[in-house]
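Subject: The structure, and what turned up in it

Hi,

Here is the structure I promised to pass on. Have a look at it first, then read my notes below.

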Amino acid sequence: MHFAYPPRKSSNPPPFLPRSSRISTLRRNRIKFAAIAGLSIIFLIWLFSGGKTKHSPQRIITGTPPVVIVTAFEEKTVGSEFIRNAKSNRREYAKMHGYKTHLVSAGDYDLNGSPLSWAKVPAMRHAMAKYPNARFFWYLDQNSLIMNPSLKVEDYVMSARKLESNMIKDLPVVPPDSIIKTFSHLKGDDVSFVLTQDKEGLSSGSFIIRNGDWAEFFLDTWFDPLYRSYNFQKAETHALEHIVQWHPTILSKLAIVPQRLINAYSKGQGDLYKEDDIVVRFPGCLFGSNPSECEEEAKKFLPRWQKAFGLS
Amino acid sequence: MPLSRSPSPIPGGGWSSPGLNINSSGQSSPAAASFSGPNGGNVTWESARLKSQGVSGYPSFSTQNQGFFTRHMRRISRSLPTFQVSPDQYGEKEKLVRSKWNAPMLDRIRGIAARIGRKWKIRMLIAAIILFCYLLFWLTPLGYHYRRTTWLGGGQKFVIILAANVGGGVMEWKGAREWAIERDSVRNKRKYVSRWGYDLEIIDMSTKKRYAHEWRESWEKVDSIRNSFRKYPKAEWVWWLDLNTFVMEPSYSLQDHIFNNLEKHVYRDINEYNPLNISHPLKGNYLDEASQNVTGDGDPNSVNLILPQDCSGFNLGSFFVRRSDWTDRLLDIWWDPVAYEQKHMEWEHKEQDALEQLYTTQPWIRKHTAFLPQRKINSFPNGACSDNGMDPRIHYNQNDRDFVVNMAGCEWGRDCWGEMYNFRELSYYLNRNPWERFKEDLIAVIWFKLTGQKVKL
C-alpha cells in the first residue's frame with residue numbers, strides 16, 4: 001500500500017500575510033521617541049524638585065591666617081613691663097609663621113560686673129569676627145610666654161594625626177572621679193576644642209578652638225549671663241567644667257591633650273615646663289596673687305625666649 | 001459538544017463526566033430516587049439523556065432553555081477560537097493556513113476604530129491617558145506615595161509631633177470630654193497627614209513623670225523632637241503641635257503654605273512684632289556682623305527654628321524645627337541645671353521661658369531663628385489673649401481661612417471641648433465639597449422659600 005507523500009510547502013505564499021506581532025505596527029522610532037520623552041520628563045521632575053533641597057550652606061574657611069593668637073590682658077594685675085614683654089613675645093611668634101594676634105585689654109568688654117577673667121570668651125569671639133577666615137584661634141593667657149618658636153600650632157597640635165595620637169581618651173573630665181569622660185572614639189578632624197587639665201581640673205589658660213559654627217555656639221554658650229551670675233568659684237573655668245559635663249554637643253568636640261603640649265607650668269599644680277616645650281605659664285600669677293612675684297618668675301624666662309627667637 | 005476527554009464509565013453504572021454537570025439549575029430530576037449513581041443520587045448522565053430527549057417527569061412547563069450551559073452555549077462558543085479556511089485557498093482545503101481569534105465583539109471594535117478619523121483617535125487617546133492618570137493617582141495609593149517621596153512631593157520631609165495624653169496618667173483622671181478632645185484632635189491630624197503624605201508622631205505626654213525628679217517636666221518636648229528625628233531619618237522639618245489644636249484647612253500643604261517661599265512668610269527681625277520688648281539686634285563690640293544684623297545673614301536656608309509669637313511672647317504650641325547641627329545644639333542646651341536653678345521661680349512657662357532667655361542672650365540662637373505671623377500656623381480663638389479685645393494679628397478669622405487654630409489656655413476656665421467641637425464643625429462647613437454646597441446653599445434655600453420648612457439634605 002502506498003501512501004501519498006505529505007503535501008509540500010506551498011511554493012506561492014499568500015500575498016498579504018499579516019505582520020507577526022501587533023506591536024511592530026507602531027513604528028519603532030516612535031516607540032523610541034516616546035521612551036526618551038518619558039525619561040526626560042522624569043529627569044526634569046527630578047531636576048526641578050531635587051534642586052530645591054535646602055541645606056544651610058557651610059561657610060568656607062580659607063585658612064588665612066592659619067592661627068590667631070588671642071590674649072586678654074588684665075592690666076591691673078601685672079606691671080606694664082611684663083605686658084609689653086608678653087605682647088612682643090606673641091607678635092614675634094605670629095610674625096614667624098604668618099599668624100595674626102588679637103591682643104586686647106580685658107576691660108574692653110562689658111562683663112556686667114563678673115570677674116575680668118571672663119574676658120577671654122568675648123575676646124575669642126571678637127577675634128572670630130575680626131578674622132573670619134582663620135582656621136584656629138589659640139587663647140593664651142597673659143601669664144605665659146611662647147618658648148619654642150619653631151613649632152607651628154596647626155601642625156604640632158591641631159593636625160588630625162597628631163591629635164588622634166595625643167588626645168587622652170576616656171579620661172574623667174574633672175579629676176579625679178567625674179563620671180563624664182572624654183570620648184574614646186573621636187576623629188582628629190571632628191575635634192574643635194583642645195585644652196588641657198592640670199591637677200585641679202580643666203585649665204582654661206591655654207586652649208585652641210577650630211573656627212566654625214560650633215565655635216560660635218560654644219563661646220556664646222560659655223558666655224551665658226546665667227553662668228556669669230552664678231558665682232562659680234573659679235568663674236569661667238568652673239563654668240566650662242559645668243557645660244562640658246552637662247552638654248554632650250560640647251563634650252563630643254573636645255579633646256584633652258597632655259598638659260605640656262600647650263600649657264606647661266613653671267611651677268605648681270601641674271606638669272612642669274621642660275626644655276623645648278612650646279609654652280610656659282606662670283600659675284603663680286593666677287587668682288590675684290602678688291604681681292611682683294609673678295614678674296620675678298617671668299624675668300627668668302625673658303632672656304631664654306628672646307634667645308630662642310634670635311632677638312638678643 | 002466538545003469535551004476535553006471522553007466520559008469514562010464507572011463501576012456501578014453512570015458516568016464520571018466533569019463537563020456535564022447540567023443538572024444544576026432549576027430543573028426537576030425525577031430519576032434521582034430511582035437510581036443511585038456516584039454523585040449520591042444526582043445522576044448526571046441519566047438526567048442529561050432524559051433531558052435531551054425531552055422526557056421529563058413533569059413535562060408541564062419545563063423548556064429546553066434551562067441551565068447555565070444551555071442558555072449561554074451560543075455566547076460561549078462564539079467567543080472560542082474558530083478555524084477559518086480562507087476562501088481563496090480551495091486548492092489545499094485540508095491545510096489550515098491560519099487561525100485567528102475571531103470574536104465578533106473585537107471585530108466590531110476594529111471596525112469602529114477603522115472608521116474614526118485620526119484626529120479623533122488622538123483626542124480619544126489623550127482622554128484615555130487623562131482618565132488613566134486620574135485612576136492611577138486618585139484612586140490608588142500611588143498619589144500618596146508621590147506626595148511622600150522626597151524628590152517629588154516631599155511629604156517625607158515633614159513630621160508632625162502631636163502631644164497627646166496631656167493631663168492623663170495616674171494622677172489626673174480624664175473625663176469623657178478630654179477623651180473626645182483627644183480623639184478629635186488626633187483624627188484631624190491623621191487626616192491631614194495622610195492627605196499630604198507627612199508623618200505623624202503622637203507623643204504620650206504622661207511620661208513626663210519621668211522628668212519630675214529632675215525638675216524638668218515639659219522639657220520632654222526636647223526628647224521627643226530628638227527621637228522623631230531619629231525615627232524618621234528623611235524628616236527635615238518637625239512640626240510640634242499641642243493637643244488643643246485643629247487644622248482648619250486640610251487643603252493647605254506645608255510646602256505651599258510656608259516652606260516653598262520661606263523668606264516671604266517668615267520675619268527674622270523681631271521688632272516687627274515684639275511683645276516681650278527684646279532689644280534687637282544684639283549689640284556688642286565683640287560680635288560679628290551677622291550677629292548684629294537685624295535679619296541675621298538674611299539667607300532663608302539658615303533658618304532652623306520657626307515659631308510664632310502671641311500676645312505674651314514666644315508660643316511653643318505650634319512651631320517648626322529643622323534637622324541640623326544647630327538644632328542638636330539647641331536641644332542640648334535648652335535645659336541647663338545652672339540656668340534652671342536660678343530661674344525656675346520666674347519661669348512659669350518652663351521651656352518657653354528658657355527659650356526666650358536663650359534668644360535674648362545668645363547671638364548664635366538669634367541668627368538662626370525666624371518668626372511666623374501668628375495666624376499663619378497658630379490662630380487663637382476669641383477667648384485667648386483677649387485682654388485688649390480682638391487683634392487681627394492673633395485671632396482666628398474664618399473669612400481669611402486661617403490654617404490652624406490653637407485653643408491655647410482653654411484648660412484654664414474655658415470650655416476646651418466646646419471650642420474644639422465648634423471649630424471642627426466650622427472646618428467641615430468651610431470645606432464642603434461642591435455637591436454639598438449645591439444641596440445646602442441652593443436646594444435647601446429654595447425649598448425653604450417655597451415651603452417655609454428647613455430641610456437637611
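In this predicted model, 38 residues of chain A touch 38 residues of chain B, where contact means heavy atoms within 4.5 Å. The size of an interface is often given as the accessible area lost when the parts come together. Chains A and B bury about 3400 Å² between them, and 57% of that is on carbon and sulfur atoms. (Buried area is the accessible area, taken with a 1.4 Å probe, that two parts lose on being put together, summed over both.)

A few notes on how to read the numbers: residues are counted from 1 along each chain as its sequence is written, while chains are lettered from A and ligands numbered from 1 in the order in which they are written. As the model is predicted, local features need pLDDT of at least 70, side-chain atom pairs count only at pLDDT 80 or more, and totals for chains, interfaces and linings use all residues, with side-chain values based on heavy atoms, leaving out hydrogens and water.

Back to the two chains. There are 2 salt bridges across the interface of chain A and chain B, a salt bridge being a side-chain nitrogen of Lys or Arg within 4 Å of a carboxyl oxygen of Asp or Glu. One of them links Arg125(A) to Asp288(B), with the closest N and O atoms 2.9 Å apart. I also have 15 residue pairs in polar contact between chain A and chain B, both residues at pLDDT 80 or more. (That means a pair of N or O atoms within 3.5 Å; within protein, one must be able to donate a hydrogen and the other to accept it, and residues adjacent in sequence count only if both atoms are side-chain atoms.)

Which elements give two or more residues to the side of chain A that touches chain B? They are α1, α3 (120-130), α6 (213-222), α7 (225-228), α8 (236-246) and α9 (248-251) of chain A. The most comes from α6(A), with 6 residues. Helices (H or I, at least four residues) and strands (E, at least two) are DSSP runs, numbered from the N terminus.

Next, a sheet in chain A. Three strands make an open sheet in the order β4-β9-β8, with mixed pairing; two strands pair if DSSP finds at least two bridges between them. β4 (144-146) and β8 stand at the edges with a single partner strand each, so one side of each has no neighbour in the sheet. β8(A) and β9(A) run parallel and are joined by 2 bridges; Tyr265(A) has Arg281(A) in β9(A) as its bridge partner.

Over in chain B, 7 of the 9 residues of helix α10 (residues 325-333) are buried, so the helix is largely enclosed by the rest of the structure. Buried means under 20% relative accessible area, exposed over 50%, and partly exposed in between (1.4 Å probe, protein chains only). Trp326(B) and Arg329(B) are among the buried ones.

Thr64(A) and Pro65(A) are joined by a cis peptide bond, with omega about -5 degrees, and Pro65(A) sits in the loop between α1 (28-50) and β1 (67-73). The bond from Pro175(A) to Pro176(A) is cis too, with omega near 0 degrees. Asp276(A) is not a glycine, yet has a positive phi of about 80 degrees. Asp276(A) is exposed, at 54% relative accessible area.

Cheers
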